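Here is a briefing for a reader new to this structure. Take a look at the model first, then read on.

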Amino acid sequence: MIIVTGASDGLGYEIAKLLQANGKRVVNISRRSSDVSTENILVDLSTEDGVKSAAAGIIGYKEPIEAIIHNAGVLTLQSLGDISYAEIERTFRINTYAPLFLTSLLAERIKQDSTDIVFIDSTAGLYPYVGQSVYDASKRAVHGFIEDLREEYKDLSSRIIGIYP
């Protein structure tokens, strides 16, 4: 079983479609269902309760988790001086808090199943771009988490993968 956050559209949808075509059981976690996923856990990943519900749903499956693909995200384009607190919070809730918190809630299951963890980050996690400092900061935080998780899990068979499109 492979978990894909945000598999209801965009890149997540295409990832789920490819996995499904290769015979994988795909579980989508997002606000909307995905017709290319085997199952859907419908939650709002921008809330603590939504992430907790997603984790509880995943833990309820007895099948081993082969991989978790953290794909859900939002792009924020605001110039310095136009940045709102609400937009910072919204961006970090989806791009940063959700994958970090979901990974933490599933830590024991990840270790038990030797689950690979894939983060669809962004080149914004590595390089600066004018007009998207909030988005860049949220993705740099994820990049730091990837590096820390690699160190923490280095003696396990789980792979920690960062993809930077």
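Which residues does Ile58 touch, not counting residues up to four places away in sequence? They are Ile3, Ile29, Ile41, Ile65, Leu102, Leu106 and Arg109. A touch, or contact, means heavy atoms within 4.5 Å.

This is a predicted model, in which local features need pLDDT of at least 70, side-chain atom pairs count only at pLDDT 80 or more, and totals for chains, interfaces and linings use all residues. Residues are numbered from 1 along each chain as its sequence is written, and side-chain values use heavy atoms, with hydrogens and water left out.

**Overall build**

- The protein chain has five helices and six strands. Both are DSSP runs, numbered from the N terminus: helices are H or I with at least four residues, strands are E with at least two.
- From the N terminus on, the order is β-α-β-β-α-β-α-α-β-α-β.
- The C-alpha trace spans about 50 × 35 × 30 Å along its principal axes.
- The radius of gyration of the protein chain is 15 Å, which agrees with the value near 15 Å for a compact globule of 165 residues. This radius is taken over C-alpha atoms, and the globule rule is 2.2 Å times the number of residues to the power 0.38.
- Among contacts with a separation of 6 or more, 60% join residues 24 or more positions apart.

**Surface and charge**

- Of the 165 residues, 47% count as buried. Buried means under 20% relative accessible area, exposed over 50%, and partly exposed in between (1.4 Å probe, protein chains only).
- The chain exposes about 8300 Å², and carbon and sulfur atoms supply 54% of it. Accessible areas come from the Shrake-Rupley method with a 1.4 Å probe; for residues, only the protein chains shown count as cover.
- There are 16 positive and 22 negative side chains, and the centres of the two sets lie 3 Å apart. Lys and Arg count as positive, Asp and Glu as negative; His and the chain ends are not counted. Each charge is placed at NZ of Lys, CZ of Arg, CG of Asp or CD of Glu.

**Nonpolar cores**

- The largest nonpolar core has 27 residues. Ile3, Ile29, Ile58, Leu102 and Phe119 have the most contacts inside it.
- Elements giving two or more residues to this core include strand 2 (26-30), helix 2 (48-59) and helix 3 (85-105).
- Apart from it lies another core of twelve residues, among them Ile15, Val36, Ala67 and Val118.
- A nonpolar core is a set of buried Ala, Val, Leu, Ile, Met, Phe, Trp, Tyr and Cys residues joined through side-chain atoms within 4.5 Å.

**Residues to find**

- Val118 lies in strand 5. It counts as buried because its relative accessibility is 11%. Beyond four places in sequence, Val118 contacts Ile68, Ile69, His70, Ile161 and Ile163.
- Asn28 is in strand 2. Its relative accessible area is 0%, so Asn28 is buried. Residues that Asn28 touches, beyond four places in sequence, include Val4, Gly6, Ser37 and Ile41.
- Thr76 sits in the loop between strand 4 (67-70) and helix 3. With 2% relative accessibility, Thr76 counts as buried. Its contacts beyond four places in sequence include Glu87, Arg90, Gln132 and Tyr135.
- Ser114 lies in the loop between helix 4 and strand 5. At 33% relative accessible area, Ser114 is partly exposed. Phi of Ser114 is near 55°, a positive value in a residue other than glycine. Most residues other than glycine have a negative phi.
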